[in-house]
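Subject: Structure handover

Hello,

Here is the structure I promised to send over. Please open it alongside this note; my findings follow below.

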Amino acid sequence: MAERSGLNIAVIGGDLRQRLVADELKKSGYKVSEYAVDGDIPYTDLSFAADADIAVLPLPASRDGFHVNAQSDIRFETMVDCLKFGCKIFAGRLQPSLKDMLSGRGFEVFDFYEDDLFERENTEISADGAIEYLLLLFDGNIAGKHILVCGYGRFGASICHKLNALSASVTVAARRDESLENARQRGISTVKIDLTKKEFFSVPEDVCAVLNTVPYHIFTDENTDSLRGKIYLELASAPFGGDMARLKEVSSYSYLPSIPAKYAPHRAGKAILASLLRYIDREFFDGR
């Protein structure tokens with residue numbers, strides 16, 4: 001069995017989460033090289049990655065589908081060309097085109113979001129960050145305030161349960177009947193989103209804040225006006241819950257991308273590290 005120090009790990013790009021991952025791997029005895037990690041003076045080239053057994057890319061790995069998400073200009077294809085055959089690649093939310101490129105060249109790809117333990121922890125971090133931001137808007141107190149949460153997937157459900165614990169009055173707007181039923185079983189009032197029938201829901205008048213986790217235009221010309229004068233937090237990925245310009249026009253709008261990186265980078269970095277180490281223990285060291 002190989003010694004842990006015998007593994008070469010390249011940490012490429014990213015923010016404070018990647019910084020923690022690189023530092024903790026070094027403390028654990030791994031051979032770690034870095035390129036354009038937050039706080040680094042970037043290498044002049046990526047040749048250092050040629051001996052890497054594992055390459056750890058950011059979350060998300062790329063924002064535009066062409067470049068690595070980094071402080072330096074790194075084309076994704078250029079980075080891939082520097083890696084040796086057999087290098088295992090760890091990343092977050094890889095676009096299908098990039099995943100196909102890597103798989104087509106024979107690389108084994110691991111997406112952190114395919115790790116259920118990581119996904120759960122990252123969701124909790126994101127929900128905590130969203131509520132922390134909302135609390136700032138309400139001077140620390142949301143007890144009794146009526147809040148609409150759009151979407152009741154893992155992220156939306158976590159937000160709802162945390163809001164309930166803070167004594168807020170919560171309503172869920174969701175598309176799936178199963179999600180609505182799950183919310184009702186927890187004592188949460190619900191509103192049906194049915195875009196197939198063009199029955200656009202209206203935000204209740206007494207709602208003071210809307211938190212959207214649905215990456216789809218559920219707010220259109222038919223119902224965006226019902227957001228007028230309300231706080232709106234965009235927590236979904238593109239294409240978001242509606243047209244940004246229109247949402248800004250009618251509501252007190254805030255867009256909160258990359259919540260874990262902004263609100264809890266240390267905790268989020270530990271979640272990435274734990275996921276990576278679970279894989280390494282399983283695949284390289286037989287779980288020992």
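In which strand is the place of Asn212? Asn212 lies in strand β9, residues 209–212. Strands here are DSSP runs of E with at least two residues, numbered from the N terminus.

A word on the source. This is a predicted model, so local features need pLDDT of at least 70 and side-chain atom pairs count only at pLDDT 80 or more, while totals for chains, interfaces and linings use all residues. Residues are numbered from 1 along each chain as its sequence is written, and side-chain values use heavy atoms, with hydrogens and water left out.

Asn212 counts as buried because its relative accessibility is 0%. (Buried means under 20% relative accessible area, exposed over 50%, partly exposed in between, with a 1.4 Å probe and protein chains only.) The rest of β9 is also covered on both faces. Ala209 and Leu211 are buried on one side, Val210 and Asn212 on the other.

Which strands pair with β9? Strand β6 (residues 146–150) runs parallel to β9, joined by four bridges. Strand β10 (residues 231–234) is also parallel to β9, again with four bridges. Two strands pair if DSSP finds at least two bridges between them. On the β10 side, Ala209 has Ile231 as its bridge partner.

Asn212 has contacts beyond four places in sequence, among them Cys150, Ile218, Tyr232, Glu234 and Phe240. Contact means heavy atoms within 4.5 Å.

**Tyr253**

Tyr253 sits in strand β11, residues 252–255. Its relative accessibility is 15%, so Tyr253 counts as buried. Leaving aside neighbours within four places in sequence, Tyr253 touches Tyr232, Glu234, Met244, Leu247 and Lys248. His217 is 36 residues from Tyr253 in sequence. In space the two are 15 Å apart, C-alpha to C-alpha.

**Cysteines**

Cys87 is buried, at 0%.

Best wishes
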